[in-house]
Amino acid sequence: MGTNEDTIGQKERKIVFVTVGTTLFDALVKAVDRKEVKHELFRRGYTDLLIQIGRGSYIPTKSEGEDGSVAVDYFTFSSSIADHLRSSSLVISHAGSGSIFESLRHRKALIVVVNEDLMDNHQIELAEELAERKHLYCARPQTLDHTIADMDLESLIPYPAGDAAPVAKLINRFLGFPDD
């Protein structure tokens with residue numbers, strides 16, 4: 001039998017899950033709601049865009065995806081983000097360390113979008129360091145469509161599960177403690 005019996009006659013679903021965590025990050029929600037971003041996701045074979053908007057006030061445009069684009073849905077909060085992570089093919093996340101590491105632990109392709117409006121944002125350094133190590137892609141709201149267009153998911157390196165030493169070293173460096 002085929003691998004996707006329930007999708008005969010329709011395209012296999014590839015879900016993009018967007019999370020802002022518990023923060024307010026309307027710039028990210030607006031970015032993924034832009035037609036250029038949705039076009040790039042569709043062009044890359046994604047069928048569904050599920051956006052967790054958190055406490056934000058910007059409401060994305062819902063769509064069934066019948067117009068040659070991705071289907072779009074949203075919600076504010078969920079008791080279990082893990083369920084959404086498991087069903088996704090790609091995660092687009094704010095730069096919170098909890099969301100980043102939970103996505104990496106689930107071995108999901110990940111684009112971290114940095115909130116440049118936050119003052120003294122150490123999250124930028126964490127996201128950029130993990131991007132430099134090729135565990136994820138790092139973007140800004142205004143460059144998200146270009147990041148999606150240019151990403152090569154095969155080049156991403158899975159984050160080594162259970163090894164907190166590199167993260168602890170990174171955090172210590174940010175806090176100004178000497179390397180051991």
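Accessible areas were computed by the Shrake-Rupley method with a 1.4 Å probe, and for residues only the protein chains shown count as cover. On this basis the accessible surface of the protein comes to about 10,000 Å², with carbon and sulfur atoms holding 51% of it. The structure is a predicted model, in which local features need pLDDT of at least 70 and side-chain atom pairs count only at pLDDT 80 or more, whereas totals for chains, interfaces and linings use all residues. Residues are numbered from 1 along each chain as its sequence is written, and side-chain values use heavy atoms, with hydrogens and water left out.

Seven helices and six strands make up the secondary structure, where helices (H or I, at least four residues) and strands (E, at least two) are DSSP runs numbered from the N terminus. Along the sequence these elements follow the pattern β-α-α-β-β-α-β-α-β-α-β-α-α. Of the 180 residues, 45% are buried, that is, under 20% relative accessible area. Among contacts (heavy atoms within 4.5 Å) with a separation of 6 or more, 61% join residues 24 or more positions apart.

Beyond its neighbours within four places in sequence, Leu 41 is in contact with Val 16, Tyr 46, Leu 49, Val 70, Leu 90 and Ile 148. Ile 148, which is found in helix α6, is buried with a relative accessible area of 0%. When residues up to four places away in sequence are not counted, Ile 148 touches Val 37, Glu 40, Leu 41, Arg 44, Ile 92 and Ile 111. Ile 148 and Arg 43, although 105 residues apart in sequence, are 9.7 Å apart in space, C-alpha to C-alpha.

The structure holds one cavity of 30 Å³ or more, a cavity being a set of points, on a 1 Å grid over the protein atoms alone, where a 1.4 Å probe fits but cannot get out. The largest cavity has a volume of about 60 Å³, the volume being the space filled by probe spheres set on the points, which are joined across faces, edges and corners. Its lining residues, those with an atom within 4 Å of a point, are Thr 23, Leu 24, Phe 25, His 94, Ala 95, Asn 115, Leu 118 and Gln 123.

Conventions. Buried < 20%, exposed > 50% of the residue type's maximum accessible area, 1.4 Å probe, protein only. 1 Å grid on protein atoms, 1.4 Å probe; cavity = no way out; pocket = protein on both sides within 12 Å on 5 of 7 lines; lining within 4 Å.
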